[in-house]
Every structure is written in C-alpha cells, then in structure tokens.
Amino acid sequence: MTGPASFPEVPPNPPAPGPAPVSGSGSGPAPARVLVVDDEQDVRELLTETFRLAGFDVTAVGTGVAALNTAYAETPDLVVLDVRLPDFDGADVARILRDAGREVPVVLLPKPFSLENVVTRVREMLAA
C-alpha cells in the first residue's frame, strides 16, 4: 500500500463531554468510565471483567474505528488501548482522539501485560 494512511472522518463537532451519570443509590460518585479496546476477544473479556470487579463502568470494543465511534458517543474517562489493532495502530487512535479535541487519558496496552499493573496505572491516571 502506498501513499498516506487514510483515517476515518472525525465528526465536525464531536459532542462535548457531558456530566457523569448520577449513581442511582446517591451513595457517592459514579464509577469512572473506561473504554477497553483490544482485538483479541479473550483479552478484551479479561480486561472488562477485571475493571468491572475493580469498580469501573466498562465498555469494550475490538477495533480502532469502534473505539473512535464509542469515544465520541460515550465520552469515557480513560481508554485502555491495545497497541496493535487490525485497522489502526493504537497510537494513531490516541492521536485522532486528541486531534478531535478529546483529551481523554490513554493507557497503551503492551503485550504481554500484568493485570495488576494495568489496573494500578489506570487508577493513577484517573486520580491525577
């Protein structure tokens, strides 16, 4: 393939981040919203369950295009992003989000990785 890489169109005015949903019980802040992006279903499911058990609200997708669409629609608090996806490099997805004005923190997921280290890194980034 020659020539510049083509990227999906970014909506002209992505919706601005809205307020976090209010917890139904009223007993504290809503959990942080984490978008997990990994093309390997078993890894995606493992990360999703781990983050849910750690108290996060999780959405999981398997491609860069799905990650971009979900990030524009749901405004996650943080994105856990596989470095290598079938349609994009993880760094490209992070750059496209940033260029579109989405200043969402991104944790690039190396392989292999430690679940404990990833959860710790996510917590640190959300606390910053």
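Reader: Before we start, what are the ground rules here?
Author: It's a predicted model, so local features need pLDDT of at least 70 and side-chain atom pairs count only at pLDDT 80 or more, while totals for chains, interfaces and linings use all residues. Residues are numbered from 1 along each chain as its sequence is written, and side-chain values use heavy atoms, with hydrogens and water left out.

Reader: OK, how many helices and strands does the protein have?
Author: Four helices and four strands. Those are DSSP runs numbered from the N terminus (helices are H or I with at least four residues, strands are E with at least two).

Reader: And what pattern do they follow along the sequence?
Author: β-α-β-α-β-α-β-α.

Reader: How do H1 and H4 pack?
Author: H1 (residues 41-53) and H4 (residues 115-127) pack at about 55°, with axes 11 Å apart. The axes are lines fitted to C-alpha atoms, for helices over the stretch in contact, and angles run from 0 to 180 degrees between N-to-C directions. H1 and H4 are therefore oblique to each other; under 35 degrees is roughly parallel, over 145 roughly antiparallel, 65 to 115 roughly perpendicular and the rest oblique.

Reader: Which residues make that contact?
Author: From H1, Leu46, Leu47, Thr50 and Phe51; from H4, Leu115, Val118, Val119 and Val122. Contact means heavy atoms within 4.5 Å.

Reader: Are Phe51 and Phe56 buried or exposed?
Author: Both Phe51 and Phe56 are buried. Buried means under 20% relative accessible area, exposed over 50%, and partly exposed in between (1.4 Å probe, protein chains only).

Reader: What about Val93, where does that one lie?
Author: Val93 is in helix H3 (residues 90-99) and counts as buried, at 1% relative accessibility. Beyond its neighbours within four places in sequence, Val93 contacts Gly64, Ala67, Leu68, Leu81, Leu85 and Phe88.

Reader: How far apart are Val93 and Leu68?
Author: 25 residues in sequence and 7.0 Å in space, C-alpha to C-alpha.

Reader: Last one, what does Thr70 touch?
Author: Setting aside neighbours within four places in sequence, Thr70 is in contact with Leu35, Thr59, Val61 and Thr75. Thr70 sits in helix H2 (residues 64-74) and is buried, at 13% relative accessible area.
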